[in-house]
Amino acid sequence: VLYLVLKAFHVTALTVWMAGMIVVPLLLTRPPAPGRERDPTTLAALRGFATRVTSPAMLATLGLGLWLAQDAGWFRASWLQLKLVLVLILTGLHGVVAGQSRRLVAEPGMPASALLRAVPWLTLACLAGIALLAIVKPGLW
Ligand code: HEM
């Protein structure tokens, strides 16, 4: 039962993390109105959301996932090994959002990077792959 409860929290945490990884870069890269700079209050709020909500959700997702995998002995399973590669990419993309949001708060006039604009779609692609692997559990090797 504990395993299932922790799995429920794993899914809750990853939902919050993924929501942040999709919404925050979308709003950060929204072009300002013509002739205006981005609103510093909005940028600071988005940065605050990333540090106070998205980052803890990421840590919870990873911690709970590692606990589940250790508990059930999944580390030798190919689906989990491939999933961990995609998780590593997501963690890197999270770093992109954290770094770019910090830079945009410091310098609201700076153009948003093309990579930051791509983050929501790359996140969706990784999430789809991870969900397929974690739920179908294909035996790949
Ligand atoms: C350190 C990273 C992670 C590890 C070690 C890990 C490990 C696990 C394990 C062991 C399970 C349970 C499998 C089962 O009992 O059927 C699971 C389920 C799942 N994980 Fe992760 N996970 C990690 C990160 C993530 C991330 C980042 C996402 C999505 C963005 C994710 C999405 C899922 C999904 C969708 C399930 C399926 C839940 C279900 O079967 O109902 N995991 N994970």
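An oxygen atom of the ligand sits 3.0 Å from an N or O atom in the side chain of Lys-7. This is a predicted model.

**Around the ligand**
- The ligand is surrounded by 25 residues.
- The closest are Tyr-3, Lys-7, His-10, Lys-83 and Lys-137.
- His-10 places a polar side-chain atom 2.8 Å from a nitrogen atom of the ligand.
- Lys-137 has a polar side-chain atom 2.6 Å from an oxygen atom of the ligand.

**The tryptophan pair**
- Lys-137 also lies over the face of Trp-79, at 5.1 Å from the ring centre.
- A search of the whole structure turns up one aromatic pair.
- Trp-74 and Trp-79 form that pair, with 5.2 Å from centre to centre.
- Their planes are 70° apart, so the pair counts as edge-to-face, a class that needs over 60 degrees.
- Trp-79 is buried, because its relative accessibility of 8% is under the 20% cut-off.
- Trp-74 has 29% relative accessibility, so Trp-74 counts as partly exposed.

**Thr-29 in its loop**
- Thr-29 belongs to the loop between helix 1 (2-28) and helix 2 (40-72).
- Thr-29 has a relative accessible area of 14%, so this residue is buried.
- A polar atom of the Thr-29 side chain lies 2.8 Å from the backbone oxygen of Pro-25.
- Leaving aside residues up to four places away in sequence, Thr-29 touches Ala-112, Leu-116 and Arg-117.

Definitions and conventions. Residues are numbered from 1 along each chain as its sequence is written. This is a predicted model: local features need pLDDT of at least 70, side-chain atom pairs count only at pLDDT 80 or more; totals for chains, interfaces and linings use all residues. Side-chain values use heavy atoms; hydrogens and water are left out. Rings of Phe, Tyr and Trp (its six-membered ring) pair if their centres lie within 6.5 Å; planes under 30 degrees apart count as stacked, over 60 as edge-to-face and the rest as tilted. Buried means under 20% relative accessible area, exposed over 50%, partly exposed in between (1.4 Å probe, protein chains only). A charge sits over a ring if NZ of Lys or CZ of Arg is within 6 Å of the ring centre and within 35 degrees of the ring normal. Helices (H or I, at least four residues) and strands (E, at least two) are DSSP runs, numbered from the N terminus. A polar contact is a pair of N or O atoms within 3.5 Å; within protein, one must be able to donate a hydrogen and the other to accept it, and residues adjacent in sequence count only if both atoms are side-chain atoms. Contact means heavy atoms within 4.5 Å. A residue is near a molecule or strand if one of its heavy atoms lies within 4 Å of it.
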